Structure formats: C-alpha cells, structure tokens
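Here's a quick briefing to read with the model open beside you. Take a look, then work through the points below.

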Amino acid sequence: MNDFSAPITDVPVVDVLSAEKIFANGFRGLAPIDLSIQRGAFVSLIGPSGCGKSTLLKLIANLIEPSDGRVQWWRGDFSKVGQAGRQLAFVFQDPTLMPWARVENNVRLPLDFAGVDKAAARTRVEAALEQVELTQAARRYPRQLSGGMRMRVSIARALVTDPDLLLMDEPFGALDEFTRNRLDEDLARLSWERGLTSVFVTHSIYEAVFLSSHIIVMAAAPGRVFAEFSVDEPRPRGEEFRASARFAALCRDLSALLSDASFASRG
Ligand SMILES: Nc1ncnc2c1ncn2[C@@H]1O[C@H](COP(=O)(O)OP(=O)(O)OP(=O)(O)O)[C@@H](O)[C@H]1O
Ligand SMILES: [Mg+2]
C-alpha cells in the first residue's frame, strides 16, 4: 500500500523511532527518542538549556541525521516528502532576513526557489503578509522594522510555502512579553485556521501551555524525553484562556515537571 494515498487523518506526520544523536566529537546529544506527531497537533519542546531541543527539531527538519534509529515523515522517507507535494518550513530564533531586500522579496524567496511564476507568487506573498498583519510594511527593508515585525516577516516567509509541517526554534525568545503574547495569539489562530502541524521550541512555560496540544518536557545528560503533557483545552485559544484558573493550574503543573527535569539533568 502506498502510505501517501492513505486517509490523511490516519497518518502521523512525524514519527521519531528510537532516534539517537552522537555528535562527531563523541558527545551524546540525544539518547534514543520515540515520538509520534499527529496531524494538526501543536507540539512544544521545553527543557533546560542544552537538553537537545534544537537537536531534536533539526532531526525532525532533516537538517541533521540520527546516528541510530530513524525519523519518518508521513510514514515514509524524507525523499518522498517533496514527491508527495508536502512542505516543511523552518522558523529560526534569529529571523535571518536578507537585509538588502524589501519585506515582500524576503517573503517571496522560497517561491523564487521553487520556480513559482510571478503572478501566483505575488498573490501568495500578499496573502501571507496579510495573515501576519504586515501588508503596510511590504515595501520596507528589514532594518526599518522592529524585532517583532521581523519575526512576523520570517513567519510569513514560512507560511507562503503553505507548509504541512511548521518547525519553530524559540521564534519569540528575544521579544518582550507583551509582543510575544500577541504573536502567540496570531500563531494560535493561524495554526488552527490552516490545520497546521507544528513543533515549537520554547523556554516559556506560559507560551507552551497557551499554544500546545502536547508538551514534551526534555531533560539533559543525555538529552531525552522526560515527560509528555497534554493540554486538553479547545483551540483556538485567546486571552480568556490565558486569564483562566485552568491556565494557571496547567502552568503550575508544567513548572513542577520542568523543575524535576532540571534536577534529573544534573547527570
Ligand atoms: N554539532 C555539535 N557537536 C557537538 N555537540 C553539540 C553539537 N550541537 C549541539 N551540541 C551539544 O548538544 C547539546 C544539545 O544542544 P541543543 O542545541 O540541541 O540544546 P538546546 O536544548 O536547544 O539548548 P538551548 O535551550 O540552550 O537552545 C548541548 O550540550 C550542545 O552543546
Ligand atoms: Mg536550542
């Protein structure tokens, strides 16, 4: 049976199957990890600095290869992802925009790479900029934007490819809490509207609880999954959820788990 023809709802988007990472210098970055990410899930990775969150995200992005075990995408190899017309998009902590190019050209970059024709590309760039509320800034240069706006450009550049899987590594880490909360709300709405499957690295307990359907708490020495935590709260979520007693209780529970994970990371 060809997996890609199976009903999409029955196929996990990512399976991490006993994937392990030992770096070239012999350092064991990740002990074997098993993880399955379902379509539409919003999964956050949280854990002490150096526990392997970015390493795991890079494995899922196929930016690095596991030393042992494997990762599957839609139950197939990475080479089949593109053949099946699926898209992965990655948002780094640092927005990495081209300083010499206007916002609209930065966002259009992946479409230029993919050879999308000009008229179609323009429509898609406009739609992506509208989704992150940057229509007015389309003709500005990155240096003329605030940090939060630059991050929204970076998200628009990921969304413009219409990804099935969106991977984000601490995208809002450098922003003030107010801006971060607003971007979290935008991201919650966008991922819900688009039925995105997302993996999101963060150090913020509040952000993880607000956004996620599932939270993976990691520990270090060696990098591993310490606990998994579901947030069974309807989505999309808004300011009411953040102000609720349930939100506070979930944050407390996650904080306790993180504290245990930090303790367990002392090796
Ligand atoms: N290429 C590499 N070679 C050797 N060690 C590495 C390499 N990349 C990462 N590491 C080590 O692997 C561990 C996990 O790194 P990683 O960047 O995944 O952590 P992290 O959880 O994302 O941390 P942070 O929260 O600080 O971003 C760290 O101890 C790091 O020093
Ligand atoms: Mg990291």
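Let's start with a charged residue on the inside: in this predicted model, Arg152 is buried (under 20% relative accessible area, with a 1.4 Å probe and protein chains only), yet it has no salt bridge. A salt bridge here is a side-chain nitrogen of Lys or Arg within 4 Å of a carboxyl oxygen of Asp or Glu. The nearest side chain of opposite charge belongs to Asp186, 5.1 Å away.

**Around Arg152**
- You'll find Arg152 in helix α5, which covers residues 147-159; helices are DSSP runs of H or I with at least four residues, strands are E runs of at least two, and both are numbered from the N terminus.
- Leaving out residues up to four places away in sequence, Arg152 touches Val132, Glu133, Leu134, Arg182 and Leu183, where a contact means heavy atoms within 4.5 Å.

**Cis prolines and positive phi**
- The loop between β8 (214-219) and β9 (224-230) holds Pro222, and the peptide bond leading from Ala221 to Pro222 is cis, with omega near -5°.
- Ala221 sits in that β8 to β9 loop too, and its phi is near 55°, which is positive even though the residue isn't a glycine.
- Why does Ala221 count as partly exposed? Its relative accessibility is 45%, and partly exposed runs between the buried limit and the exposed one (over 50%).
- Another cis peptide bond links Arg235 to Pro236, with omega about 0°; look for Pro236 in the loop between β9 and α8 (239-242).
- Thr96, also not a glycine, has a positive phi of about 40°, and its place is the loop between β5 (88-91) and α3 (103-113).
- Thr96 counts as partly exposed because its relative accessibility is 45%.

**The whole protein**
- In total there are 9 helices and 9 strands.
- The radius of gyration is 19 Å, close to the 18 Å from the globule rule for 267 residues, so the protein is as compact as a globular protein of that length; the radius is taken over C-alpha atoms, and the rule is 2.2 Å times the number of residues to the power 0.38.
- Along the principal axes, the C-alpha atoms fill a box of roughly 55 × 45 × 40 Å.
- Buried residues make up 49% of the 267.

**How to read the numbers**
- Residues are numbered from 1 along each chain as its sequence is written, while chains are lettered from A and ligands numbered from 1 in the order in which they are written.
- Local features need pLDDT of at least 70, side-chain atom pairs count only at pLDDT 80 or more, and totals for chains, interfaces and linings use all residues, while side-chain values use heavy atoms, without hydrogens or water.

Terms used
Lys and Arg count as positive and Asp and Glu as negative; His and the chain ends are not counted.
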